[in-house]
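This briefing goes through one protein chain by topic. Look over the sequence and the structure first, then read the points below.

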Amino acid sequence: MSPREPRLEVRDLRIAFGDRVVSDVPSLSIGAGEIVGLAGESGSGKSITATAILGLAHTVGATVTGSVTLDGEELIGRPESELREVRGRRIAMIFQSPVGSFNPLFRVGDVFVRALRLHGAGSKSAARERARGALEEVLLPPELLDRYPHQLSGGQAARST
């Protein structure tokens, strides 16, 4: 794939709840190495559009039509097991409020370990070691793995997600 070819292409993406269309994206192309932010007013469909691109809109009751291709592979209609292999490895979304990504009942390390193991990190201890390394890469102390989300500052939480 050449650097100019789009890695992600969205065509005629329409997201609806019942008869109400909440987002309509005629086309969007993102090339290799590009980072895209969606901007718009509150309620304009930014989050549901990104959620649909990731193949997660059905979890909130939305109907999605159109085409989303990643490296030439169609994502719309793929089985959940295949989408799980794509999410987090080849495509991801960073939410505006990172603390909302954490379950307050679990320590930060538990969340890290679960996510890493879902994506092939192996044993719990191997996943925890990778989590420690990830925190150190963003200049956070590994001790944060033992804290609950409400014990993180806003900046710590943003760098932990």
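Asp-12 is exposed, with a relative accessible area of 54%. The model is a predicted one. Asp-12 sits in strand 1, and its phi is near 50°, a positive value in a residue other than glycine.

- Leu-139 also has a positive phi, near 60°, and is not a glycine.
- The position of Leu-139 is in the loop between helix 4 (124–137) and helix 5 (154–160).
- Leu-139 is exposed, with a relative accessible area of 73%.

**The nonpolar cores**

- The largest nonpolar core has 18 residues, and Leu-8, Val-10, Leu-13, Ile-53, Val-68 and Ile-91 touch the most other members.
- At least two residues of this core come from each of strand 1 (6–17), strand 2 (20–31), helix 1 (46–53), strand 3 (63–70) and helix 2 (80–86).
- Strand 1 gives the most to this core, namely four residues.
- A second, separate core has 14 residues, including Phe-102, Leu-116, Ala-121 and Ala-157.
- In soluble globular proteins, nonpolar side chains tend to be buried together.
- Ile-91 touches Leu-8, Ile-53, Leu-54, Leu-70 and Val-86, leaving out residues up to four places away in sequence.

**Helix 1**

- Helix 1 is largely enclosed by the rest of the structure, because six of its eight residues are buried.
- The buried residues in helix 1 are Ile-48, Thr-49, Ala-50, Thr-51, Ala-52 and Ile-53.
- These buried residues pack against strand 1, strand 2 and strand 3.
- Gly-55 follows helix 1 and has a positive phi, near 80°.

**The cavity**

- The count of cavities of 30 Å³ or more comes to one.
- The volume of the largest cavity is about 30 Å³.
- Its lining is made up of Ile-53, Leu-54, Gly-55, Leu-75, Leu-83, Val-86, Arg-87 and Ile-91.
- By class, six of the lining residues are nonpolar, one is polar and one is charged.

**Salt bridges**

- The count of salt bridges comes to nine.
- Arg-11 and Glu-9 meet through their side chains in a salt bridge, at 2.7 Å from N to O.
- Arg-11 is partly exposed at a relative accessible area of 33%, and Glu-9 is partly exposed at 25%.
- Arg-90 and Asp-71 form a salt bridge in which the closest N and O atoms are 3.2 Å apart.
- This pair links distant parts of the chain, 19 residues apart: Arg-90 is in the loop between helix 2 and helix 3 (108–118), and Asp-71 is in the loop between strand 3 and strand 4 (73–74).
- Arg-90 is partly exposed, with a relative accessible area of 33%, and Asp-71 is partly exposed at 25%.
- Glu-73 and Arg-78 form a salt bridge with their closest N and O atoms 3.1 Å apart.
- Glu-73 is partly exposed at 32% relative accessible area, and Arg-78 is partly exposed at 24%.

**Arg-147**

- Arg-147 lies in the loop between helix 4 and helix 5.
- Arg-147 counts as partly exposed, at 31% relative accessibility.
- Apart from neighbours within four places in sequence, Arg-147 is in contact with Arg-107, Val-108, Leu-152 and Gln-156.
- From C-alpha to C-alpha, Arg-147 and His-58 are 32 Å apart in space, and they are 89 residues apart in sequence.

Conventions. Residues are numbered from 1 along each chain as its sequence is written. This is a predicted model: local features need pLDDT of at least 70, side-chain atom pairs count only at pLDDT 80 or more; totals for chains, interfaces and linings use all residues. Side-chain values use heavy atoms; hydrogens and water are left out. A nonpolar core is a set of buried Ala, Val, Leu, Ile, Met, Phe, Trp, Tyr and Cys residues joined through side-chain atoms within 4.5 Å. Buried means under 20% relative accessible area, exposed over 50%, partly exposed in between (1.4 Å probe, protein chains only). Contact means heavy atoms within 4.5 Å. On a 1 Å grid over the protein atoms alone, a cavity is a set of points where a 1.4 Å probe fits but cannot get out, and a pocket is an open set with protein on both sides within 12 Å along at least five of seven lines; lining residues have an atom within 4 Å of a point. Grid points are joined across faces, edges and corners, and a volume is the space filled by probe spheres set on the points. Ala, Val, Leu, Ile, Met, Phe, Trp, Tyr, Cys and Pro count as nonpolar, Asp, Glu, Lys and Arg as charged, and the others, Gly among them, as polar. A salt bridge is a side-chain nitrogen of Lys or Arg within 4 Å of a carboxyl oxygen of Asp or Glu.
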